[in-house]
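Have the sequence and the 3D view side by side.

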Number of protein chains: 2
Amino acid sequence: MDAKAPTVAEAIRQTKPFASKRQEGLLALVLAAETVRWRFAQLVESRGEVTAQQYNVLRILRGAGAEGLPTLSIVERMIENAPGITRLIARLEAKGLVGRNRSAGDRRQVFCRITPRGLAKLKALDAVLNQIDEDALGCLNENEVATFIRLLNKVRIHQP
Amino acid sequence: MDAKAPTVAEAIRQTKPFASKRQEGLLALVLAAETVRWRFAQLVESRGEVTAQQYNVLRILRGAGAEGLPTLSIVERMIENAPGITRLIARLEAKGLVGRNRSAGDRRQVFCRITPRGLAKLKALDAVLNQIDEDALGCLNENEVATFIRLLNKVRIHQP
DNA sequence: GGATTTTACTTGACTAGTCAACTATCGGCA
DNA sequence: TGCCGATAGTTGACTAGTCAAGTAAAATCC
């Protein structure tokens, strides 16, 4: 999280002419996603004292309620793999934002739950983050948003 | 780089209904970008024995020609910051794919050049990567590609 | 021409993603 | 009942991104 947002824009200027429109579209996709991801991360990290991924895990655990979720069920809801989540949750536990305990029924499973302190942290971030969700695509009108979603999903689903 | 591509698709299914179309659009953007990024990384890493970022740096250095580029000029062409590039290039140097030497004119600068071995590695990857650049948006027709680019750039530039 | 500021990195420490290998436990089944 | 394969998670080692702080060589200023 540093002053890289401006240089994302520069990246375009410095790039040589594209071999094709499709290649240009691919770069546009990656740069746009990187820009919004960066803005989200900056907000969460500066206001929440947690990283963007830690925030995502807290949201998932809030959604899971008081009984919590086994570790690997959290992974399934993220773009990440298992070894990473173990350590990420260990860091959240160290901060007192989640708790873990082995399931009584199946002693292989480890249930993770959000703590009251974790809930309070999320609550403090909710309003501002909902707002930037809206703002990020605020420059598109209703029709454009629909087209945007349609094209992006088409591209994503099409990948072999 | 593991079998995470399928679960990206699942992420959508498991997500609760969206608060708004704009929120849905934001997730569509991030997931689509992640999917193509993942595919690119998988190809480069399996065929090239270099990571996606290392590949990007090699491309930049190939473009720079025989005289090479100072370290920080490489950063400007990427979505990354300076400390990262120093170490990334050190790893490429260890693999014999780039060389570094201090500039005679300004002894603060370190020029980086791609080696013949680096060029050979890139050449071996060129055809297949140009192909996936085309394939990635292959499901969109000419008009759709133009709209895609227009909307993505609008979103990117609009970010405060 | 010497002090100060700026520039171009470099290093350290931490978070994170990824693969391979490992442990503990569970469920079946002979 | 005791083994066997599958499941849940952990650990180690490596690549990478990021911030803060440091170094060395210009460039600038007085």
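This is a predicted model: local features need pLDDT of at least 70, side-chain atom pairs count only at pLDDT 80 or more; totals for chains, interfaces and linings use all residues.

How is the axis found?

Turn next to the interface. Here 51 residues of chain A are in contact with 51 residues of chain B. Which helices of chain A supply at least two residues each to the side that touches chain B? They are α1 (5-14), α2 (21-48), α6 (116-136) and α7 (142-158). Helix α2(A) gives the most, with 17 residues. By residue class, the side of chain A that touches chain B divides into 23 nonpolar, 12 polar and 16 charged residues. The copies meet through the same surface, because 100% of the interface residues of chain A are also interface residues in chain B.

Follow α7(A) next. Its 17 residues should span 24 Å at 1.5 Å a residue. The end C-alpha atoms of α7(A) are 24 Å apart, which agrees. Which residues of α7(A) are buried? They are A:Val145, A:Phe148, A:Ile149, A:Leu151, A:Leu152, A:Val155 and A:Arg156. What covers these buried residues includes two helices of chain B, α2 (21-48) and α7 (142-158).

A:His158 is also found in helix α7 of chain A. This residue is partly exposed: 16 other C-beta atoms lie within 10 Å, whereas a buried residue needs 20 or more.

Now step back to the whole of chain A. It has seven helices and three strands. Along the sequence they follow the pattern α-α-α-β-α-α-β-β-α-α. Of the 160 residues of chain A, 26% count as buried. Among contacts in chain A with a separation of 6 or more, 50% come from residues 24 or more positions apart.

The strands come next. In what order do the three strands of chain A lie in their sheet? The order is β1-β3-β2, in an open sheet with antiparallel pairing. Strands β1 (69-70) and β2 (98-102) of chain A stand at the edges. Each has a single partner strand, so one side of each is left without a neighbour in the sheet. Strands of a sheet pair through backbone hydrogen bonds, either parallel or antiparallel.

Take the pairings in turn. Two bridges join β1(A) to β3 (residues 110-114) of chain A, and these strands run antiparallel. A:Leu69 stands opposite A:Cys112 in β3(A). A:Pro70 has A:Phe111 of β3(A) as its bridge partner. Helix α5 (residues 82-94) of chain A packs on the sheet, touching β2 and β3 of chain A. The direction of α5(A) makes about 120 degrees with that of β2(A).

How many bridges join β2(A) to β3(A)? Five do, and these strands too run antiparallel. In this pairing, A:Val98 stands opposite A:Ile114 of β3(A).

Terms used. Residues are numbered from 1 along each chain as its sequence is written. Chains are lettered from A and ligands numbered from 1 in the order in which they are written. Two strands pair if DSSP finds at least two bridges between them. Helices (H or I, at least four residues) and strands (E, at least two) are DSSP runs, numbered from the N terminus. Two residues are in contact if their C-beta atoms, placed from the backbone, lie within 7 Å. Axes are lines fitted to C-alpha atoms, for helices over the stretch in contact, and angles run from 0 to 180 degrees between N-to-C directions. Ala, Val, Leu, Ile, Met, Phe, Trp, Tyr, Cys and Pro count as nonpolar, Asp, Glu, Lys and Arg as charged, and the others, Gly among them, as polar. A residue is buried if 20 or more other C-beta atoms lie within 10 Å of its own, exposed if 12 or fewer, and partly exposed in between; C-beta atoms are placed from the backbone. The expected span of a helix is 1.5 Å times one less than its number of residues.
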